[in-house]
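Please look over the sequence and the structure below before reading on.

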Amino acid sequence: MPKDWFEWHKLYQSENLLQQRLQIVQKYISASLDIAPAGKIQIVSACAGDGRDLLGVLATHPRAQDVRARLVELDPQLVARGTKAIAQLGLTGKVELIQGDATLIDSYKGAVPADIVIFCGVFGNLPNEEVLQGLIRNLPYFAKTGAFVLWTRGDRDGANCSERVRQIFKENHFSEVDFQFTETGNMAVGRHRFDGQTLSAPIDEQFFVFTGTPDKAGLFVSAP
Ligand SMILES: C[S@@+](CC[C@H](N)C(=O)[O-])C[C@H]1O[C@@H](n2cnc3c(N)ncnc32)[C@H](O)[C@@H]1O
């Protein structure tokens, strides 16, 4: 049964883990905006929810008006809430939250390559490591050289899942810029810089699948 992601977002009001994760993600978004060269700053966010991570930063960041962003989310209620927040920030026409399938390359056409690429709340919802590898292999289509990719990954049952994510980024021409666990200790947030050459075409038209639950086989876990 698919999760009710609108309900899930209510956990931001009560769960330390999510609040701390959001704080770190926003710190990394802000740091990426701080050093962006003058001119437009292109951003994409996959499975964006109501966009609170990016929109919360843009509410006060001096570069907000330079941002052009496409956020992709399936849930219509989250899209409606985020779209309202975009209007309240005076960013309509610059930031868009579209109701679409974030697993399809088509959803990002015209918005990539980007300077900042956000994949938060995604990696822990992939079925297995093969899918994660495919997703990261396609990121050079999304990222300009020097772009930042922000991601999160929760640990399960004491398994250090984020370690494997870091290794896969390293194998695909990404350098780690930031990495931090939440104070709760079981949620990692990373920021990687893309040092390779941008791809003019994607490798796969559907570059990941979002199942909401990993396979049972304990994949994504780094060897002890
Ligand atoms: C764990 S939540 C993360 C939301 C947001 N990025 C955050 O960190 O608060 C995952 C989100 O992915 C969305 N989602 C699931 N499958 C999707 C798909 N194929 N395309 C777009 N969004 C999807 C869900 O509706 C949900 O809002």
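What covers the buried residues of α4? The cover includes α1 (5–8), α3 (52–58), β2 (67–73) and β3 (95–99).

## Basis of the model

This is a predicted model, in which local features need pLDDT of at least 70 and side-chain atom pairs count only at pLDDT 80 or more, while totals for chains, interfaces and linings use all residues. Residues are numbered from 1 along each chain as its sequence is written, and side-chain values use heavy atoms, with hydrogens and water left out.

Helices (H or I, at least four residues) and strands (E, at least two) are DSSP runs, numbered from the N terminus. Contact means heavy atoms within 4.5 Å. Buried stands for under 20% relative accessible area, exposed for over 50%, and partly exposed for what lies in between (1.4 Å probe, protein chains only).

## Helix α4

Helix α4 (residues 76–88) has 13 residues, which at 1.5 Å a residue should span 18 Å; its end C-alpha atoms are 18 Å apart, in agreement with this. The expected span of a helix is 1.5 Å times one less than its number of residues.

The buried residues in α4 are Leu78, Val79, Gly82 and Ile86. They cover an arc of only 100° around the axis, so they sit on the same side of α4. The arc is that of the directions from the helix axis to the C-beta atoms. Lys84 and Gln88, on the other side of α4, are exposed.

At the N-terminal end, α4 is capped by Asp75, with a side-chain oxygen 2.8 Å from the backbone nitrogen of Gln77. After α4 comes Gly90, with a positive phi near 70°.

## Helix α6

In α6, the buried residues are Cys161, Ser162, Arg164, Val165, Ile168 and Phe169. Their arc around the axis is only 155°, which puts them on the same side of α6. Lys170 and Glu171 are exposed on the other side of α6. Among the elements that cover the buried residues of α6 are α5, β5, β6 and β7 (187–194).

His173 follows α6 and lies in the loop between α6 and β6 (174–181). Its phi is near 70°, a positive value in a residue other than glycine. His173 counts as exposed because its relative accessibility is 56%.

## Nonpolar cores

A nonpolar core is a set of buried Ala, Val, Leu, Ile, Met, Phe, Trp, Tyr and Cys residues joined through side-chain atoms within 4.5 Å. In soluble globular proteins, nonpolar side chains tend to be buried together. The largest nonpolar core here has 32 residues, and those with the most contacts inside it are Phe119, Phe123, Leu135, Leu139 and Phe142. At least two residues of this core come from each of β1 (41–46), β4 (114–119), α5 (129–142), β5 (143–154) and α6 (161–171). α5 gives the largest share, seven residues.

Phe119 is in contact with Ala46, Leu135, Leu139, Leu150, Trp151, Thr152, Phe207 and Phe208, leaving aside its neighbours within four places in sequence.

## Ligand surroundings

Which residues come nearest to the ligand? Of the 19 residues around the ligand, they are Tyr12, Arg21, Cys47, Glu73 and Cys120; a residue is counted when one of its heavy atoms lies within 4 Å.

A polar contact is a pair of N or O atoms within 3.5 Å; within protein, one must be able to donate a hydrogen and the other to accept it, and residues adjacent in sequence count only if both atoms are side-chain atoms. A backbone N or O atom of Cys120 is 2.8 Å from a nitrogen atom of the ligand. An N or O atom in the side chain of Asp101 lies 2.9 Å from a ligand nitrogen atom, and a polar backbone atom of Leu74 lies 3.2 Å from a ligand nitrogen atom.

Cys47 is in the loop between β1 and α3. Its phi is positive, near 50°, in a residue other than glycine. With a relative accessibility of 21%, Cys47 counts as partly exposed.

## Loop residues

His61 lies in the loop between α3 and β2. Is His61 buried or exposed? His61 is buried, with a relative accessible area of 9%. The side chains of His61 and Asp34 are joined by a polar contact of 2.7 Å. Not counting residues up to four places away in sequence, His61 touches Ser30, Leu33 and Asp34.

Pro113 is in the loop between β3 and β4. The peptide bond that joins Val112 and Pro113 is cis, with omega about 5°.
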